[in-house]
Amino acid sequence: MNATGGGLYDVAVVGLGPAGRALASRCAAAGLTVLALDPRPDAPWRQTLSVWADQIPPWLRPEACGVDVLAHTVPAAALYAPDRAVLRREYAVLDNEALRRALPLGPGVTVELAEVDDTGVQALTARAHRVVDCRGAGGRLNRGPLQTAYGIVVDAADAAPALCGENALFMDWRTDYVRGRNDDDSDDDEVGPSFLYAIPVGPDRVLLEETCLAGLPAPDPAVLASRLRSRLAGRGVSPAAIASPLSVERVRIPLLPRAELTEDPRVEAFGTAGGHGHAATGYSVAAMLAAVPAAVHAIEAGYPLPTPRSPLSTALHGVGLRVLLRADERTLRALFNAFGRLDGRRQRWFLDAASPSYQVAAAMWGMWISMPVRGKAGMAAAVLHPSARTSGGGVPITSAGTRTVPVEGE
């Protein structure tokens, strides 16, 4: 499809975060004319983007694009829930600037500096045959469940006590922090379950992050900061490193996309806006990158964009999210203990956002059968109960109408 007849672009891409830039770049490489809109297209991506190394698509490998998009890799990360397990799969942090270089916006992309609202997205149908919303999952307009976290980046030497001899901590559910009052005078018990995520982001720097996997409402990152400081101090991390980190990261990931913007088939969504995030883990980047070639082909051929996964897979992810929102701390620890006991293949099936439904079901069944009776009872109660634990001052968590740290335009 070419921009003919009235000078229409083949596609308008709204938002030039990782998802929008990947789509715009690959569409242009395929010969399509692209209109890309973003108020700050050259703004650096400051979020930490993590994937499993085997998820990097062939077209993004150095031999294909000439750029190594990985900033750092870890051969194996540990999980404590509280039993120790090791995930035998190489974990990677993306080099954001290298990723941008691997996704050039060449002469086939016309970039306009513009902030586009929902009405403006629809209006772009007058300028392009197809419009793809890549503005993310709605930011603060999204009233659904959230993953929130607070993290600090410190020197590797300062982080060593927190890692407890491990290469990395994928999830550390141990409760070795002091319970009590937080800096904002809220009760620590009201924060809900959280874990430590500790990942090297370079050869000499480590991200230490306290994460609430899912909440509605979710604890504010400022509240999680108190728990993180307590945990790190208890493990012997230098007070100076905690007080003056190299950088700070605050995470707020909508785990579900917003409702469809319009019924107009010419307007679609991609990335977290299009449901490529994993509702039970928050992962989205790998699934989005894997989906880019099929999305480009659909735009070329005039087909609808492919759905991120089957309806049954989406429903199974929804069950997982329901458990995360409602289960108590004991049940969640039993759940992730069971995850740690899965073989590597089924762990991959559960974590990968685009896994087919039979793989997701097999992974979830494997977790269920290895859980103790008390854990199974907690799981059943979490799935069946209309509301569950509270967070941040006793507000009830009800059912909803997303390792990355997304910003508007992802």
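## Around M367

M367 touches L335, A338, F339, L342 and F350, leaving aside residues up to four places away in sequence. This is a predicted model, and in it M367 sits in helix α12, which covers residues 357–370. Is M367 buried or exposed? Its relative accessibility is 4%, so M367 counts as buried, the cut-off for that being under 20%.

## Aromatic pairs

Search the whole structure and you get eight aromatic pairs. One of them is W173 with F195, a tilted pair with 5.0 Å between centres and 45° between the planes. This pair links distant parts of the chain: W173 is in the loop between β11 (169–172) and β12 (195–202), while F195 is in strand β12, 22 residues apart. W173 counts as buried because its relative accessibility is 2%, and F195 is buried too, with a relative accessible area of 1%.

Then there's W349 with Y358, an edge-to-face pair at 6.4 Å centre to centre and 65° between the planes. Here the two partners part ways: W349 is buried at a relative accessible area of 15%, whereas Y358, at 55% relative accessibility, counts as exposed.

Ring pairs also tie W52, Y91, F170 and Y197 together into a cluster.

## Arginines over rings

Which residue lies over the face of W45? That's R100, at 4.9 Å from the ring centre. Y80 has an arginine over its face as well: R174, at 3.7 Å from the ring centre.

How values were computed
Residues are numbered from 1 along each chain as its sequence is written. This is a predicted model: local features need pLDDT of at least 70, side-chain atom pairs count only at pLDDT 80 or more; totals for chains, interfaces and linings use all residues. Side-chain values use heavy atoms; hydrogens and water are left out. Helices (H or I, at least four residues) and strands (E, at least two) are DSSP runs, numbered from the N terminus. Buried means under 20% relative accessible area, exposed over 50%, partly exposed in between (1.4 Å probe, protein chains only). Contact means heavy atoms within 4.5 Å. Rings of Phe, Tyr and Trp (its six-membered ring) pair if their centres lie within 6.5 Å; planes under 30 degrees apart count as stacked, over 60 as edge-to-face and the rest as tilted. A charge sits over a ring if NZ of Lys or CZ of Arg is within 6 Å of the ring centre and within 35 degrees of the ring normal.
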